[in-house]
Amino acid sequence: MTNIKLWHSPGACSFAPHVLLHEIAAPFEVVETPVSTGANLTEAFSRINPKQRVPVLALDGEIITELPAIATAISGLSPDRHLMGRTPLDQVRVYEWMNWLSGTLHGQGFGCLWRPARFSDDEQAFDGIKTKGRQTISGCFAMIEAKLRQPFAVGGAFTAVDPFLLVFYRWGTAIGLEMSASYPQYSAFALALSQRVSVKSALAAENTTR
Ligand SMILES: N[C@@H](CCC(=O)N[C@@H](CS)C(=O)NCC(=O)O)C(=O)O
């Protein structure tokens, strides 16, 4: 049996692979690495992931970073669950979603809003960068709202895209967006997904409001 270890931060994007591990129901170990306290910046963690970010997955000691790669690795542990999509086209759609969510919504949108220092050394520029981040987030949420058909994002079945979308829905609430009024499809999707056993288990384990 593969030894599985996940480094995560409560309420962070690492929630998505945390749900996937509950989904495949294999035993795994979690290492809480709260980014709010800078636990990701320690020397010990930097040796595990020099990028100083969560999530990190270790499979029999093999370190894997980057959410789409981690999701693919978890899916490979339980291929019959088809967590990265069942048909070849569904698999393409899963990667299309994952790359966009990871690169544009997370990296640019929430990156600009929460980590403006990644984009400029000039603190005077931070407010403008944060504003741009909010615009990117709203643009992405509008696209999600138009694209999302319940109950799942791809192929009428649960895939890795679904818990990743839930992360951003929760972050939308955290930054004060009126999610249910502005994004009814996305809200119904998030509500339905929140009833899933794997999601409830990961939420209870992370014990976070974000
Ligand atoms: N491209 C990475 C992004 C990971 C990432 O930015 N994680 C955040 C938490 S949601 C983090 O570790 N932030 C810590 C920091 O920026 O110091 C991925 O997809 O895994």
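The structure is a predicted model, in which local features need pLDDT of at least 70, side-chain atom pairs count only at pLDDT 80 or more, and totals for chains, interfaces and linings use all residues. Residues are numbered from 1 along each chain as its sequence is written, and side-chain values use heavy atoms, with hydrogens and water left out.

Domain 1 covers 4–82 + 202–206, and domain 2 covers 88–196; such bounds come from an automatic or database domain assignment. Taken over C-alpha atoms, the centres of domain 1 and domain 2 are 19 Å apart. Each domain brings 17 residues to the contact, which means heavy atoms within 4.5 Å.

Together, domain 1 and domain 2 bury about 1,300 Å², with 66% of this on carbon and sulfur atoms. Buried area is the accessible area (1.4 Å probe) that two parts lose on being put together, summed over both. On the side of domain 1, Cys13, Pro68 and Leu203 lose the most area to domain 2, together 30% of what that side buries.

What about charged partners? The interface holds 1 salt bridge, a term for a side-chain nitrogen of Lys or Arg within 4 Å of a carboxyl oxygen of Asp or Glu. Arg196 forms a salt bridge with Glu23, and their closest N and O atoms lie 2.9 Å apart.

By class, the side of domain 1 that touches domain 2 has 11 nonpolar, 3 polar and 3 charged residues. Here Ala, Val, Leu, Ile, Met, Phe, Trp, Tyr, Cys and Pro count as nonpolar, Asp, Glu, Lys and Arg as charged, and the others, Gly among them, as polar.
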